[in-house]
Protein chains: 2
Amino acid sequence: MAQQGFLYETVADNIARRIGSGVMQPGDKMPSLRAMSTELGISISTVMQAYGLLESRGLIETLPQSGHYVRHSTARPLELPAITSPDMERTNVPGNRMLHDFLHSAANPEHVQLGCAAPSLDFLPVKRMASILGRCVREQTEAAMQYQFPPGLPELRRQIAARSLKWMGELSSRDILITSGGMDALNLTLQALTKPGDTVAVESPTFFGLLQVLEHHGLRALELPTSPQTGMDLRALEEAASVRRIRAVLTIPCFSNPLGSLMPDQSKQKLLELAAKHDFMVLEDDIYGELQYSGRRPTPIKAWDTEGRVVLCSSFSKSLAPGLRIGWIAAGQSLLGEMEQLQFNTTIGAPSIQQLALADFLASGAYDAHLRRFRRTLRDCMERCSLSVREHFPRGTRLTRPSGGYVLWVELPGGANAIRLFQAAMAEGISIAPGPIFTSQARYGNCIRLNCALRWTDEVEGAIQRLGQLAREQG
Amino acid sequence: MAQQGFLYETVADNIARRIGSGVMQPGDKMPSLRAMSTELGISISTVMQAYGLLESRGLIETLPQSGHYVRHSTARPLELPAITSPDMERTNVPGNRMLHDFLHSAANPEHVQLGCAAPSLDFLPVKRMASILGRCVREQTEAAMQYQFPPGLPELRRQIAARSLKWMGELSSRDILITSGGMDALNLTLQALTKPGDTVAVESPTFFGLLQVLEHHGLRALELPTSPQTGMDLRALEEAASVRRIRAVLTIPCFSNPLGSLMPDQSKQKLLELAAKHDFMVLEDDIYGELQYSGRRPTPIKAWDTEGRVVLCSSFSKSLAPGLRIGWIAAGQSLLGEMEQLQFNTTIGAPSIQQLALADFLASGAYDAHLRRFRRTLRDCMERCSLSVREHFPRGTRLTRPSGGYVLWVELPGGANAIRLFQAAMAEGISIAPGPIFTSQARYGNCIRLNCALRWTDEVEGAIQRLGQLAREQG
């Protein structure tokens, strides 16, 4: 049940699942308002709101003087991509020219940004943040202009630690180090945990930034088979760990990027057992963890960590504002001390103004209010994009079905070539992320990642349609 | 001649030099206002202003009904420290526990901050910056909240490049990469220029942060003899380069930290000849380069760089506001491209808000106006601190005489122990920087660095007096 949503949303979610699972078939007539009201024991007006929402999401349609029907185009959800099967020989992450081209396309404000995994600013409380930033520089000018040395602003660390209550965590401000965004957090952690030449296991495909960070520190990426639903394949991890030394597992368990998979709680505990048995650390990237579409936020692996084996990293770039450049690390005292020193050696500390403003924003409760709205918005965005892909992409296309975050992974059929598609799309002002940048191997050449956190406009729908056409032309 | 100061300041500087050099002796009666006016061909009121300034700097005093006299305490400037003679075997920079204690003391707002090399915020245009920051987040909210991908905000790069005109440089915005402060700039540059195990030559003593960065990247520091007046000893560098491979020279030629030395222009050109002959790169840290006490800003080595051998790094932390965390790198295109990629892998990019505000601030001309005031303030601070050290420290103390920046290097006589002095001072709420953190060798145990960019108060004067007492007790 949705924890903080309205009843009609919960009802709509339930019905959407029935449609998604095929219990309700395309063209099926929906129960009348009265029948549904009786069946579920809710008011007719709530059913009306739920049907309205389903219609706005494109799942059902109203035929005049007839009633509501399950839409045809939604009939058969696209098949999920299969569990991946990367080469499990450890590899040195190569430099990636493709990535360079992608980053330039992703930074182009003229392009329809299905490429960069960043939300439309329309969805973010930028006015509110701007006003708080303005007040902070005015009222706390000295603190804003002076260094904030590691571990960072005490009040911000306290606010971040307090958020762990949402998953029954017990972090205190002493457990937190503020960083210059999420990449800085991952860099500092890997430097503290590893030495060049060490092996680090990751999902495959995984966020290209993680692979770059591994390369940066002379580490070997061990890519593991990964399910688009349940994430990293722990049997494969166990097999690998029993024949070679794995120093750390770097995972995005809650809404991984790019697959959007969510590791079940049992698997999270299993991963910790493996960590103890084979003596590796777990670096948990939780950057999408608060962006679930319904219910409670999924529990981080850190929640079950009794031995100090998990370093939890996150940032506010995906959920609040990319430009803030504020992230954080939660870890044990001795690791944290080491990372403070490393931070001093690389950036001195995170920017002061943003720390002050963020502490204020979190204390005001505005972040949670924003997240409630943002999650609903993202769910709608994802449904619209998914429907559009189903409608416009060639037969045989496979598509992920994330329950959080804002990226879709599209596996194209047959002879499709993601790099050629990327280039053709870029030439038409559409930015997408080609599959090959999400691996250090020669893989995912028929896959693309789409950022769906965009206001739904004719331009966006047109871009997805055009991508489908381009893909067809390759087929 | 002071480029942008007033005539009376130039006159006062001239007289101060005569006093400093011993041409005018303690107790000497100064020429009368009229006599000086005639001698120099300037108005009596200008002489009055000059004498007033010299009096406020503690160099001369007025005896009632008698006239102006050279003050006694300024009689004999303290001797300069000798050229250093570090061990020129390359060393691996060790972790430095002392540094850890220093950083905690330097971050303590309760301490008299003679430790951290950061100016009092009283001297910085923090209100103006705060108001510009407020306007930027209000009027350019979207840009403030979105990523600023490498190489950074075009307008800020343009403004920074344009400042090279002050030293006849011809940098364009395409030569500039914006970073998260100066340490980030040095880190990115060293990563692009070196491999672990490479040798990097530095001044000795040098800024502890540079030594930490070298350690961080597995580099070997080759500490070179250094003069408190003319900086790095190039003969020693040449000898070293002829027997071993030096990958890069990391230098602070314009007002080095901690010695405050200024490399003469001829030496800068000589250094470039050596770089060509022995095929090494020069990493030039120019963070204090605009903080000269009189005349034009000294010319960076980069000005003579025709072969792309110099990477120029700087930041606004020392001259505008430490908390901004904005620095920059000027280098050739292919190096810059490599560093952009490295930056993406570590911090994605520098914080957006500060880039917008800084571009605005630079464009308004406010930075140059601030620098003009700030330089005069720093000169006064340094003179006051120097006088106070002369007055209160034990006989035999040696002291640097920088012509820019804001740190003094104090060499204590006899059995003085800088670490014990640091600890004793810290216990009394006075933060200083002990000499041993400025080397990777067991050296400078009788030296301390003092930050002088503080508003002159009884508390500050009392702290220097107390340091002198503590040093005497050790002698």
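1. Two strands are taken to pair if DSSP finds at least two bridges between them. By that criterion, strand 6 of chain A pairs with strand 10 of chain A in the parallel sense, over three bridges. Within this pairing, A:V200 stands opposite A:A248 of strand 10. The structure is a predicted model, and the points below should be read with that in mind.

2. Strand 6 of chain A also has strand 7 (residues 220-224) of chain A as a partner: the two run parallel and are joined by five bridges. A:A201 has A:L222 of strand 7 as its bridge partner.

3. How many residues of strand 6 (residues 199-203) of chain A are buried? Five of its five residues are, and the strand is described as mostly covered. In a regular strand the side chains alternate between the two faces of the sheet. For strand 6 of chain A, one side carries A:T199, A:A201 and A:E203, while A:V200 and A:V202 lie on the other. Both faces are covered, since each of these residues is buried.

4. A:T189 belongs to helix 8 (residues 182-193) of chain A. Is this residue buried or exposed? A:T189 has a relative accessible area of 0%, and because buried means under 20%, the residue is classed as buried. Leaving aside residues up to four places away in sequence, A:T189 touches A:L283, A:V311, A:C313, A:I329 and A:M339. A:R398, by contrast, is 209 residues from A:T189 in sequence, and the C-alpha atoms of the pair are 35 Å apart in space.

5. Strand 15 (residues 407-411) and strand 18 (residues 447-451) of chain A run antiparallel and are joined by five bridges. In this pair, A:W409 stands opposite A:R449 of strand 18.

6. Two cis peptide bonds should be noted, one in each chain. In chain A, the bond from A:N257 to A:P258 is cis, with omega near 15°. A:P258 lies in the loop that connects strand 10 (248-251) with helix 11 (265-278) of chain A. In chain B, the bond from B:S204 to B:P205 is cis, with omega near 0°. The loop that holds B:P205 runs between strand 6 (199-203) and helix 9 (208-216) of chain B.

7. Two residues of chain B have a positive phi without being glycine. For B:M168, phi is about 60°. B:M168 sits in the loop between helix 7 (154-162) and strand 5 (176-179) of chain B. Its relative accessible area is 65%, and B:M168 is therefore exposed, the cut-off being over 50%. For B:D279, phi is near 55°. The place of B:D279 is the loop between helix 11 (265-278) and strand 11 (281-285) of chain B. At 40% relative accessibility, B:D279 counts as partly exposed.

8. How are the two chains related? Chain A can be laid on chain B with an RMSD of 0.1 Å by a turn of 180° and a shift of 0.1 Å along the axis. The two copies are therefore related as by a two-fold rotation axis. Of the residues of chain A, A:G134 comes closest to that axis, with its C-alpha at 2.1 Å. Both copies use the same surface, for 100% of the contact residues of chain A recur in chain B.

9. The size of an interface is often given as the accessible area lost when the parts come together. Chain A and chain B bury about 4300 Å² between them, 66% of it on carbon and sulfur atoms. A:M145, A:Y147 and A:N345 supply 16% of the area that chain A buries against chain B, more than any other three residues. The contact takes 51 residues from chain A and 51 residues from chain B. The count of salt bridges between the two chains is zero.

How values were computed:
Residues numbered from 1 in each chain as written. Chains lettered and ligands numbered in written order. Predicted model: local features only at pLDDT ≥ 70, side-chain atom pairs only at ≥ 80, totals over all residues. Heavy atoms only, no water. Helix = DSSP H or I, 4+ residues; strand = E, 2+ residues; numbered from the N terminus. Buried < 20%, exposed > 50% of the residue type's maximum accessible area, 1.4 Å probe, protein only. Contact = heavy atoms within 4.5 Å. Least-squares fit on C-alpha atoms with pLDDT ≥ 70 in both. Buried area = accessible area lost by both parts, 1.4 Å probe. Salt bridge = Lys/Arg side-chain N within 4 Å of Asp/Glu carboxyl O.
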